[in-house]
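Hello,

Here is the structure for you to look over.

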Amino acid sequence: MSSDPWGRVDETGTVYVRTADGEKVVGSWQAGSPEEALAYFERKYEGLVVEIGLLERRVKTTDLSAKDAMTAIDHLRTQVDEHHAVGDLAALGERLDKLVETVESRREERKVQKAKQTDEARRAKEQLVAEAEELAQSEQWRSAGERLRALVDTWKGLPRLDRKSDDELWHRFSHARSAFSKRRKAHFAALDAQREEARRTKERLVAEAESLSGSTDWGTTAARYRELMTEWKAAGRAQREHEDDLWNRFRGAQDVFFAARGAVFAERDAEQGENLKLKEELVTEAEKLVPVTDLKAARAAFRAVNERWEAIGHVPRDARPKIEARMHAVERAIQEAEEAEWRRTNPEARARAAGLTGQLQDAVDKLRKQIDAARAAGNDAKAEKLARELEGRQALLDQALKGLQEFGG
């Protein structure tokens, strides 16, 4: 018979383990000595110690699920309870009990953590939905589209909620994306239609611009090109693949016309510059006739100068008002001299002036006599009234006399 503090082997080879409830049969050993029997079942105990130690470390240091941990604990507890090892089985049972407490504690911690993660995931998804619904109304098509795609990636990285909550939030999220896509599609469809209409309009404008490029009706055609440019700007942009080509054709047609007009205008400007020099010489010659001293000679000389003036042709537009004003000033001076001469030599006008002067003189003489008579009679009020009337008649007489002097006497 052989024994140790935790077990013994009797004479029949039966192996016992000592427990708080008394000895329990571990097994039977017939193949060797009692010491070998005890050693065998002690190794089985050490094996249980090792397995429990490993499970304790797994529970504490890994993310082993509570379910798997409890399955492993139950398996080990069965081995301990079946008393197939020699050693302090009660101590192993206590370690397993503590391990159960640890697993339950970890289970609660994970439950709380999971609830927290679920709550955070819910808030995160609700925020994603709110942002998606706001973006659904945006017209920043590119940036909003890119942001919505980023939100989808963020959504995929979040934990799932319960099916009902997750489905409801996903439905709102998906609906917002669909609404944005629908609006974007409608926008670009309308834009394509507008660009197609712009292309047709610009094709027409290009055709007219090209038909006008050879015109020599400079003013009318230039004005029409300005109108065509206004219509071009109002038409909007055509598709990118057409816009540049249409613009190059449109601009090219204008360039042909304006280059031809520029060449003609350059030649005309050179000619008009020479005309200006000639007219400046003539107006300087005409200005020497003023003041007019010999009307007949001045009239003849101006006529000769004016004939040469008319034969010269146009001058630059910006110089025309000034040069023509100088010539007109000479012409007005000669006309004023002619009018003065006519008034001086017109017998009818002279006779009318002389008659008016005589009438005014008689009226003045009569008033003077009436004034003297009133004063002699002591009627000062009447004398004063007649004196005021005399003052007006005298002014008219002075003016008439001055006009009569213009006729030479």
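**Pockets and a buried aspartate**

The lining of the largest pocket holds 5 nonpolar, 3 polar and 4 charged residues (nonpolar: Ala, Val, Leu, Ile, Met, Phe, Trp, Tyr, Cys and Pro; charged: Asp, Glu, Lys and Arg; polar: the others, Gly among them). A pocket here is an open set of points on a 1 Å grid over the protein atoms alone, where a 1.4 Å probe fits, with protein on both sides within 12 Å along at least five of seven lines; lining residues have an atom within 4 Å of a point.

This is a predicted model: local features need pLDDT of at least 70, side-chain atom pairs need 80 or more, and totals for chains, interfaces and linings use all residues. Numbering runs from 1 along each chain as its sequence is written, and side-chain values use heavy atoms, without hydrogens or water.

The largest pocket has about 210 Å³ of space. Its lining includes Trp6, Arg18, Asp21 and His83. Helix 3 (89-135) gives the most, with 3 residues.

The second largest pocket has about 160 Å³. Phe265, Arg268, Gln272, His314, Val315, Arg317 and Arg320 line it. Helix 7 (residues 240-287) gives the most to that lining, 3 residues.

Now Asp10. It is buried (under 20% relative accessible area, 1.4 Å probe, protein chains only). It has no salt bridge (a Lys or Arg side-chain nitrogen within 4 Å of an Asp or Glu carboxyl oxygen). Arg8, the nearest side chain of opposite charge, is 4.8 Å away. The Asp10 side chain reaches the backbone nitrogen of Thr14 at 2.8 Å.

Best wishes

Definitions and conventions:
Points joined across faces, edges and corners; volume = space filled by probe spheres on them. Helix = DSSP H or I, 4+ residues; strand = E, 2+ residues; numbered from the N terminus. Buried < 20%, exposed > 50% of the residue type's maximum accessible area, 1.4 Å probe, protein only. Lys, Arg positive; Asp, Glu negative; His and termini not counted. Polar contact = N/O pair within 3.5 Å; in protein donor to acceptor, adjacent residues only side chain to side chain.
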